[in-house]
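Please work through the exercises below with the sequence and the coordinates side by side, and try each task before reading its solution.

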Amino acid sequence: MKWAAFGLWLAVAPVTALAYTAYVTNERDNTISVVDLDQMKTVKTLPVGQRPRGITMTKDGSQILVCASDDDTIQIIDAATLRIVGDLPSGPDPETFALHVSGNPLYVSNEDDNMITVIDIPTRKVLAQVPTGVEPEGMAVSPDGQTIVNTSETTNMAHFLDYRTRKLAAAVLVDARPRVAVFKHDGSEVWVSSELGGTVSVIDPVKHVVTHKIAFQVQGLRAEAIQPVGIRFTADDSTAFVALGPANRIAVIDTDTYKVKKLLLVGQRVWQMAFTPDQKYLLTTNGLSNDISVIDVANLDVVKSIQVGRLPWGVVVSPK
Amino acid sequence: MSVPQAIGRDGFGPLQYLICLRGIAWREALRFVHQRERFISALVRPLVWLFIFAAGFRQILGVSIIPPYQTYVLYEVYVTPGLIAMIQLFNGMQSSLSMVYDREMGNMRMLLVSPFPRWYLLTSKLLASTVVSILQVYAYLFIAWLWGIEPPLWGYVSVLPALALSGMMLGSLGMLLSSAIRQLENFAGVMNFVIFPMFFASSALYPLWLVQQSSPVVYTICWLNPFTYAVELIRFALYIEIDRLSLAVVVVMTTVFTTGAIIAYDPARGLIARRGGGGG
């Protein structure tokens, strides 16, 4: 019994100082799971619009934005009251989005419409709609705020959009079904994951060329089971984490050598990821096992998996 | 033979008892150290399972999270407590083998004419063999750690009492069996009829829920198998938790097996008497 109490203390002690909350979109349940990272469990489930996928928070942390894909809208949720307080006119089938570094506007990919919708958050108005490749998906804003990158699943390209002119400046061909684009924090590279190609392309955002291609191998798994999706960089850009979908693994990559240094076992069909603000933990959404896994970033091990709703897709963490 | 026992009950101080324990433990330790092949084979056996068998079965887990694990684990991690219990099971049988050997060679007579009570001699022997098995387990855990199987650091400490208990249980089982085996050659029979069924029909290789899905009968056998509880006790202890049911079963079974062995080796009542003495 003493051991059990001690074990409990060991499990809880390192996180008591955290007090962060994570919000997870459950694509099949049409809900958001609110996860207390102090207790490491789901404390609340909110009903939202149909097929919630992309999720982020406004820069001040006061509001949560959720793509309700099948309702063709983006819902605004007050982070304090957890009530839906409004909508953004996203255009049809918004899958995911990226917030400009300044906190406004919001760039939304309309999967069915081959468009990028630019939305002004305070006025809740559409500023522009920019045609892009077929089935737009991943969206990223460069750290200097001058470039927006969008990936198109069917065209297999990363499209570079100029912030000021809102015109496409370049397109870079990558491997099949590019899902996610993420800039390094220093802006020197943008990484694009190709779900079917099974690779991550490292793109020079100035020259618009692929400089490296990262492939993955998991012992005992067929190559088709390795489908890179979510990408995250540590704050110092030294390490990248890539979610490998049905391979149920997170690849930990040294960004200097582009080599996979470790594979972490998480739940089934791991999709998106989010750091806690202190970068102590990285959360992963595991679509088919209906949970999120918590990775200890310093030790590079998975410490816990927490049950959420069905088909978790995206995750965002806010300070309480 | 009843005379030395009477003396034992009468007049020894704790110091004499300690000297006796030291003698038995020392003999066991010497035997262990001198038989380097035994130590290596005790390590190689679980490592073969870990490196070859577990590598092939990597994908069977990761489907469900079962306590005490907090998240998905690789099969190597799951199977480790089972392999630890396997080390102790083999060690228990090995020490039972050595008892049969001693009896055949006549060394046991030396032990049995000792003026100390029989139960004390047997328990000392049991303790000594448990210590040996624990040394083997830590050597295995070290290699497993190099292989990437990293339980929490305190788990290495909290597993110790569990190892002592499970080692006692499996050692006393071996001792009980050794009283029934008349010749060294019969040890192969013990392997077939004790070690393998105990190991395979347990939670060592597969979680019980998985067994239950494929065969309720096998599940019931696993559920009745004391080895399952030794494995689970070690598994939880390695993650700084106590599985009370396993603890209870292991304590009760240790008591039953030890009592059984003491009765069996009792010259007045035991099987040995019926068989014509412990002299070989």
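Predicted model: local features only at pLDDT ≥ 70, side-chain atom pairs only at ≥ 80, totals over all residues.

Residues are numbered from 1 along each chain as its sequence is written, and chains are lettered from A and ligands numbered from 1 in the order in which they are written.

**Exercise 1.** Describe the overall make-up and dimensions of chain A.

*Solution.* Begin with the secondary structure: chain A holds one helix and 28 strands, where helices (H or I, at least four residues) and strands (E, at least two) are DSSP runs numbered from the N terminus. Next, take the box along the principal axes, which for the C-alpha atoms is roughly 65 × 45 × 30 Å. Then turn to the radius of gyration, which is taken over C-alpha atoms and compared with a globule rule of 2.2 Å times the number of residues to the power 0.38; because a compact globule of 320 residues would come near 20 Å, the 19 Å of chain A agrees with that rule.

**Exercise 2.** Determine how strand E14 of chain A is placed, and whether it is enclosed or open.

*Solution.* First apply the burial criterion, by which a residue is buried if 20 or more other C-beta atoms, placed from the backbone, lie within 10 Å of its own, exposed if 12 or fewer, and partly exposed in between. Five of the six residues of E14(A), residues 157–162, are buried, so the strand is largely enclosed by the rest of the structure.

Second, find its neighbours, given that two strands pair if DSSP finds at least two bridges between them. On E13(A), residues 147–152, the pairing with E14(A) is antiparallel over six bridges, with A:Ser152 bridged to A:Met157. E15(A), residues 168–173, pairs with E14(A) in the antiparallel sense over five bridges, and here A:Leu161 has A:Leu168 as its bridge partner.

Third, inspect the turns: the E13(A)–E14(A) hairpin has four residues between the strands, with A:Asn156 at a positive phi near 60 degrees, whereas the E14(A)–E15(A) hairpin has five, with A:Arg166 at a positive phi of about 55 degrees.

**Exercise 3.** Work out the order of the open sheet that contains E28 of chain A, and name its edges.

*Solution.* The four strands follow the order E3-E2-E1-E28 in chain A, with antiparallel pairing. The edge strands are E3(A), 41–47, and E28(A), 312–319, each of which pairs on one side only.
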